[in-house]
Amino acid sequence: MQWVKVLGGVVGAAALLGLGIIVGHFAIPKGADSPAPSASASQDLDLEILKTVIEQLDANRIRENLRELSKEPHLATSPRDEALVQLLLQRWQDPESGLDSARTTEYEVLLSFPSEEQPNRVDVVNSTGAILFSCRHSEENLTGEQGGPNVVPPYAAYAPPGTPQGPLVYANQGSEEDFKELQNKGVKLQDSIVLTRYGGVGRGAKAVNAAKYGVIGVLVYTDPKDINDGKSLPNETFPHSWCLPPSGVERGSYFEYFGDPLTPYLPAMPSSFRLNSDNASGFPPIPIQPIGFEDAQVLLCNLGGNLAPADWQGGLGCDYNLGPGFRSNGTFPEDSQVNVSVHNRLELRNSSNVLGIIRGAVEPDRYVLYGNHRDSWVHGAVDPSTGTAVLLELSRVLGTLLKKGTWRPRRSIVFASWGAEEFGLIGSTEFTEEFFSKLQERAVAYINVDISVFANATLRVQGTPPIQSVVFSAAKQISAPGSSGLSIYDNWIRYYNRSSSVYGLVPSVGTLGAGSDYAPFIHFLGISSMDIAYTYDRSKTSARIYPTYHTAFDTFDYVNKFLDPGFTSHQAVARTAGSVLLRLSDSLFLPLNVSDYSETLRSFLQAAENLRVPLEQHNISLGPLVTAVEKFEGAATSLNQRIATLQKGTSDPLQVRMINDQLMLLERTFLNSQAFPEERYYSHVLWAPRTGSVATFPGLSNAYSQAESTGHEPAAWAEVQRQLSIVVAALEGAAATLRPVADL
């Protein structure tokens, strides 16, 4: 339509600036005291500003941020957590380095805490009920930081109260397959207590799986084989190394979903409808309690029954038997049982998010979000304070430039410190529920930096495919820590890489599950998202995560001594995330490459092709899926060509705005709220949880696996057809979104 081009050429700049400023005025408050450089509709990324930001990010300041953030335990809604809310507000309101505005939003949410009056207990008792052995109630105070009234004792958040007692059974990782294996071996599970190790499945899933088999209580521990590369002696572990000490216990939430348990899909305001906690779903069905591996060793090494399979063995220095009950020649009488006493309580608490805002100069109604949670289980130096330390330094540098009047981003930047993440991504989820429409209409991308430094070997990025190019561009321009002389990109590719059909050998970018605050943004809102961190060399450790995760040993000195002594990896993350942030907020054209979705779609299609024969036997054709993928690829290629053409000439502001909206909104086209009715918040048809064995589109994979297991059940195969249709519709919608706006 030629008239669209003429109209765009005549009034494009005025329309763009008028729309952006008017909408943005009501969307984000103006800062009266911060001067701004003159705005231009053609404002683009300033490489000198980018260089200045990268150079000014200071490792020592990040170190001091971390020291302050982690000096006391700051469990969600605790006094110290609220003190950190004030610290963030103070920093973001600083007259010399603050932002345009800063505020808090508060939600009334359901949290779970252990009873102070009745501590949780795990005891071995004889036939008369006499206690023969008790697991530790708290971790050993090795550095003077593991004691004190503000250190919450180990517990499983949201585990129900109860005092089950029964014979002990070892159930490996507590997966569905593990319990089937025990059943097949004739191990009696009814009315038993099972001992499981972390890993394999989610925390809460261990209790859900166990309850299906009549188990009445669950214990969970971290095996040194899984976390310490087999090291278990006191002189081999913290404080002598980064390894988990024998008394260390991983705390965590055992709630199945994310968000406030009582207000799904609604922001947890005082006026919101709430479910009755007795009827709310997602809580563990039976009592569950975590213990340290020194106590697990006493239990496991005295267990009777048959020898556990080879791949169930661990690093406690003895053979792992299955049970039930104890062996005849061990420490305890054979008829001894394990008693688990859990006295957790549910409480409504007020939890705060803190938001810091820099208003965009040209497109204030387009938001680039950067966030991390604030709360921790204990001191939380690594998780989450390494991320918050980086957040504070990056916002300081940008705030200083802002206050000097030398820079203002093209688009608005929203910094966020989320509350109550450890209980199930609560603060970020409530935020997405409260501002659902605004964020879907205006959010460009979400950058998550939770644990910024797991270790100091290499960058690790997870994200949706369109963010790959902007992360690669940033990583190529920044030097890696150390003396290698390599860029972060070149160092990264040494550790984690893949062969791309388009680019050749490139660093591997992982996919996003639900492990941090990016989850509601990608799965619920369809906002392009990423998670950025530095991590360890997988060839040197098999640890599933840094060893002191969620324990009282996750302290400032642990980070300073073992993870990143010079804080250069923290600085590298700050520089990488800062560069990505500026590229997204300041670039004239959004640096999101939609064509990078093609490799994912082709991979999923290829896996689906392996199912062609059984699908055709049930009159299900893959033809529409093949066509839909081809349509998407063609539309993405054409869009890239239009962008290249516009970049060569004088860019029409309205045309730029339309192109950017196509790039921004692509991820939303993959949402279907009816695709996964059994899942809460998951609506992205490409990244929902995949339980099926075929590495294709998750809904198709899950439905196919279910149908295959039921044989020729018509309803099951009808669900396969439905899921295939959902994917086809999403891909065709995505292709339509990428085609020229005037092509209706």
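Let me begin with what I mean by a patch: it is made of residues with over 30% relative accessible area and no salt bridge, like charges being joined within 9 Å and nonpolar side chains (Val, Leu, Ile, Met, Phe, Trp, Tyr) within 5 Å. Accessible areas come from the Shrake-Rupley method with a 1.4 Å probe, and for residues only the protein chains shown count as cover. A salt bridge, in turn, is a side-chain nitrogen of Lys or Arg within 4 Å of a carboxyl oxygen of Asp or Glu.

This is a predicted model, in which local features need pLDDT of at least 70 and side-chain atom pairs count only at pLDDT 80 or more, while totals for chains, interfaces and linings use all residues. Residues are numbered from 1 along each chain as its sequence is written, and side-chain values use heavy atoms, with hydrogens and water left out.

On the surface, Leu266, Phe273 and Leu275 form a nonpolar patch with about 270 Å² of accessible area together. Phe273 sits in the loop between β9 (252–253) and β10 (288–290), where helices (H or I, at least four residues) and strands (E, at least two) are DSSP runs numbered from the N terminus. I call a residue buried under 20% relative accessible area, exposed over 50% and partly exposed in between, with a 1.4 Å probe and protein chains only; Phe273, at 57%, is therefore exposed.

Now to the salt bridges, of which the count by this rule comes to 31. Arg408 pairs with Asp100, their closest N and O atoms being 2.6 Å apart. Arg408 lies in the loop between α9 (381–404) and β14 (411–418) and Asp100 in the loop between α4 and β1 (101–113), so this pair ties together parts that are 308 residues apart in sequence.

A second bridge joins the side chains of Arg136 and Glu294 at 3.6 Å, N to O. It links distant parts of the chain, with Arg136 in the loop between β3 (131–134) and β4 (156–157) and Glu294 in helix α8 (residues 293–300), 158 residues apart. Here Arg136 is partly exposed, at 39%, and Glu294 is partly exposed too, at 23%.

Lys631 and Glu732 make a further bridge, with closest N and O atoms 3.5 Å apart, and this one runs between helix α19 (residues 623–648), which holds Lys631, and helix α22 (residues 714–738), which holds Glu732, 101 residues apart. Lys631 has a relative accessible area of 39% and is partly exposed, as is Glu732 at 32%. There is also a network, in which salt bridges that share partners join Glu363, Asp365, Arg366, Arg410, Arg411, Arg657 and Asp661.

I will finish with the backbone. A cis peptide bond joins Phe238 and Pro239, with omega about 15 degrees, and Pro239 lies in the loop between α7 (224–227) and β9. Another cis peptide bond joins Asp383 and Pro384, with omega about 10 degrees, and Pro384 is placed in helix α9.

Asn619 has a phi of about 60 degrees, in the loop between α18 (612–617) and α19, but Asn619 is exposed, at 71%.
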